[in-house]
Amino acid sequence: MTADHVSLPLAEFDALRARYPEGFESSLVLPCLRRLQELRGFVADGDIDALAAYLHVSRVQIEEVLSFYSQFRRNGVGRWHLMVCRNVSCSMRGAERVLEHLAQRLGIREGETTPDGRFTLSTVECLGSCGTAPVVMVNDAYHENVNVERLDELLARHP
């Protein structure tokens, strides 16, 4: 799929739709967006328009979901997407030091991707793991109780 030509995985979406009662199309927004992001790596504008037409929901309903959940991306990211939690618990336990260290090691700032496309550095409001703060998520994997040494080991494991 490319940004200018969107093809929805209709067979998959039809199978999802069959699991919901008629009239609950808006409940499909979340799982459909997740699948689109799995396929492309992010959710493009064309994806939103195509999904709105398929589900017969407004574009704004889809944009609300995209803006509420930090797991969804509107732009491409590097092979390894590093997400640093910045909520109160993580901040109190060193999230800012974690973010500064990653930025320095990677040579990028929050929201940027390394020139080689390997790493993207982002912050998220909460990863829901307050008891094991600070937390960094790499793609879909949680890394808890991180410190500088663990960050260096983590970066070494992601070529």
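These legends walk through several close-up views of one chain.

Everything here comes from a predicted model, in which local features need pLDDT of at least 70 and side-chain atom pairs count only at pLDDT 80 or more, while totals for chains, interfaces and linings use all residues. Residues are numbered from 1 along each chain as its sequence is written, and side-chain values use heavy atoms, leaving out hydrogens and water.

View 1. Helices (DSSP runs of H or I, at least four residues) and strands (DSSP runs of E, at least two) are numbered from the N terminus. Starting at that end, the elements follow the order α-α-α-α-β-α-α-β-β-β-α. Taken along the principal axes, the C-alpha atoms fill a box of roughly 50 × 35 × 25 Å. Of the 159 residues, 39% count as buried. Buried means under 20% relative accessible area, exposed means over 50%, and partly exposed lies in between, using a 1.4 Å probe and protein chains only. Contact means heavy atoms within 4.5 Å. Among contacts between residues at least 6 apart in sequence, 60% join residues at least 24 apart.

**View 2. Four strands form an open sheet in the order E2-E1-E3-E4.** Two strands pair if DSSP finds at least two bridges between them, and the pairing in this sheet is mixed. Which strands stand at the edges? They are E2 and E4 (141-143), each with a single partner strand, so one side of each has no neighbour in the sheet. On average, neighbouring strands are turned by 25° against each other, direction ignored. E1 and E2 run parallel and are joined by six bridges. Look for Val84, whose bridge partner in E2 is Thr123. Helix H6 packs on the sheet, where H6 touches E1, E2 and E3, and the direction of H6 makes about 155° with that of E1. For such angles, axes are lines fitted to C-alpha atoms (for helices, over the stretch in contact), and the values run from 0 to 180 degrees between N-to-C directions.

**View 3. The largest nonpolar core has 25 residues.** A nonpolar core is a set of buried Ala, Val, Leu, Ile, Met, Phe, Trp, Tyr and Cys residues joined through side-chain atoms within 4.5 Å. In soluble globular proteins, nonpolar side chains tend to be buried together. Leu82, Val84, Val98, Leu102, Leu121 and Val136 touch the most other members of this core. Strands E1 (80-85), E2 (119-124) and E3 (136-138), together with helices H6 and H7 (148-156), each supply at least two of the core residues. Apart from this core lies another of 19 residues, including Leu28, Leu33, Val65 and Leu66. Now zoom in on Leu82: leaving aside neighbours within four places in sequence, the contacts of Leu82 include Leu102, Leu106, Phe119, Leu121, Met137 and Leu155.

**View 4. His101 sits in helix H6 (residues 95-106).** Is His101 buried or exposed? With a relative accessible area of 12%, His101 is buried. Not counting residues up to four places away in sequence, His101 touches Val148, Leu151 and Asp152.

**View 5. Helix H4 has the buried residues Ile62, Val65 and Leu66.** These residues cover an arc of only 100° around the axis, which puts them on the same side of H4. The arc is that of the directions from the helix axis to the C-beta atoms. The buried residues of H4 pack against helix H2 (29-40) and H3. On the face turned away from the buried side, you can find the exposed residues Ser67 and Phe68.

**View 6. Arg74 and Asp45 form a salt bridge, with their closest N and O atoms 2.3 Å apart.** A salt bridge is a side-chain nitrogen of Lys or Arg within 4 Å of a carboxyl oxygen of Asp or Glu, and the structure holds 13 of them. Arg74 lies in the loop between helix H4 (59-68) and E1, while Asp45 belongs to helix H3 (residues 45-55), so the pair ties together parts that are 29 residues apart in sequence. Arg74 is partly exposed at 33% relative accessibility, and Asp45 is partly exposed at 44%.

**View 7. Arg86 and Glu110 meet through their side chains in a salt bridge (3.2 Å, N to O).** Arg86 lies in the loop between E1 and helix H5 (88-92) and Glu110 in the loop between H6 and E2, so this pair ties together parts that are 24 residues apart in sequence.
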